[in-house]
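Hello,

Here is the structure for you to look through. My notes follow it, and please read them with the model open.

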Amino acid sequence: MIRTILFDLDGTLVHYEYDDFLKAYLEGVANKVARLMNPQRFVKKLLKATEAMIKSLDEARTNKEVFWDHFAQGLEVPLEELIPLLDEFYLRDYPKIQETIGVAPHPAARNLVKQLIAKGYDVIIATNPVFPAVAIHERMRWGGIEDLPYSLVTTYENSRFCKPNIQYYAEILQELERSPHECIMVGNNTCEDLVAGDLGIKTFLVEDYLLDDGPFSREPDYRGSFEDMVDFFANEEFLRTAG
Ligand SMILES: [Mg+2]
């Protein structure tokens, strides 16, 4: 029986092309720190530290710790000056990306999550925890789904692993005290999201903003458009009998 539903965020519950977001984000954040640091150098370090965080399998350190340990290496600017600028960026500039790339809530997204929670399912925002909570909650706001009682939202502060490592999903199962067969993962990336299936978690591939990871792809148990996925979850019979 399915009791827990894990939703990816970007390109799944919140509708936009991830590349558009990434471009606007990197430009915005690099501009913000330009008076302290060469923007190209900042972006290069940001991407390298993010890569280190994604690869890390160190269960003793959070993603945030891995990121900043890595970012601080060889940094010529004091972190005490850089971090307040980044905090300001997330509060004042980051929210404007919604308009820059034109994100609007999908009309059915909020109701889908609300209904599932009302029916007693645990709902988790299983977004790759490479961002601070403030940034993840902001993107949830773009999708009109921010203020709902989730069981967990994975962020770089509260997670020790990233997708596509299966340890990311194992950590969620442990946190929620769930077995794989009690869960289903819904996402748009054929590797990062569908790798949950390697643990025995059921998977649903949402194809509206499909990201195909070629040789790293897994086959989903179910697939279809966002609308198909909404219909799929309206059929509770499945949820009671699956697994
Ligand atoms: Mg996604």
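Helices α1 and α2 are oblique to each other. Angles under 35 degrees count as roughly parallel, over 145 as roughly antiparallel, 65 to 115 as roughly perpendicular, and the rest as oblique. The axes of α1 (residues 18-32) and α2 cross at roughly 125° and come within 9 Å. Axes are lines fitted to C-alpha atoms, for helices over the stretch in contact, and angles run from 0 to 180 degrees between N-to-C directions. Helices (H or I, at least four residues) and strands (E, at least two) are DSSP runs, numbered from the N terminus.

A word on the source. This is a predicted model: local features need pLDDT of at least 70, side-chain atom pairs count only at pLDDT 80 or more, and totals for chains, interfaces and linings use all residues. Residues are numbered from 1 along each chain as its sequence is written.

Back to the helices. The crossing of α1 and α2 is right-handed. A crossing is right-handed if the near helix is turned clockwise from the far one by less than a right angle, and left-handed if anticlockwise. From α1, the contact takes Leu26, Ala30 and Asn31. From α2, it takes Pro39, Phe42 and Val43. Two residues are in contact if their C-beta atoms, placed from the backbone, lie within 7 Å. This contact has 5 nonpolar residues, 1 polar and no charged ones. Here Ala, Val, Leu, Ile, Met, Phe, Trp, Tyr, Cys and Pro count as nonpolar, Asp, Glu, Lys and Arg as charged, and the others, Gly among them, as polar.

Next, α1 against α4 (residues 79-93). These two pack at an angle of about 130°, with their axes 10 Å apart. That makes α1 oblique to α4. Their crossing is right-handed. Gly28, Val29 and Lys32 of α1 meet Leu85, Phe89 and Asp93 of α4. By class, that is 3 nonpolar, 1 polar and 2 charged residues.

Then α2 and α3. Helix α2 covers residues 39-55 and α3 covers 63-72. Their axes come within 8 Å and cross at roughly 135°. So α2 and α3 are oblique to each other. This crossing is right-handed. On the α2 side are Lys45, Lys48, Ala49, Thr50, Ala52 and Met53. On the α3 side are Asn63, Val66, Phe67, His70 and Phe71. The contact residues divide into 6 nonpolar, 3 polar and 2 charged.

Now the domains. Where do their bounds lie? Domain 1 is 4-17 + 103-241, and domain 2 is 19-100. The bounds come from an automatic or database domain assignment. The domain centres, taken over C-alpha atoms, are 25 Å apart. Domain 1 puts 19 residues into the contact, and domain 2 puts in 17. On the domain 1 side, helix α7 (residues 133-142) gives the most, with 4 residues. That side has 11 nonpolar, 3 polar and 5 charged residues.

There is also a sheet. Its 6 strands run in the order β3-β2-β1-β4-β5-β6. The sheet is open, and the pairing is parallel. Two strands pair if DSSP finds at least two bridges between them. The edge strands, β3 (152-153) and β6 (222-224), each pair on one side only. Strand β5 (residues 202-206) pairs with β6 over 3 bridges. Leucine 205 has arginine 223 in β6 as its bridge partner.

Finally, two backbone details. Most residues other than glycine have a negative phi, and most peptide bonds are trans. The bond from lysine 163 to proline 164 is cis, with omega near 5°. Proline 164 sits in the loop between β3 and α8 (166-176). Glutamate 177 has a positive phi, near 55°. You will find glutamate 177 in the loop between α8 and β4 (183-187).

Best wishes
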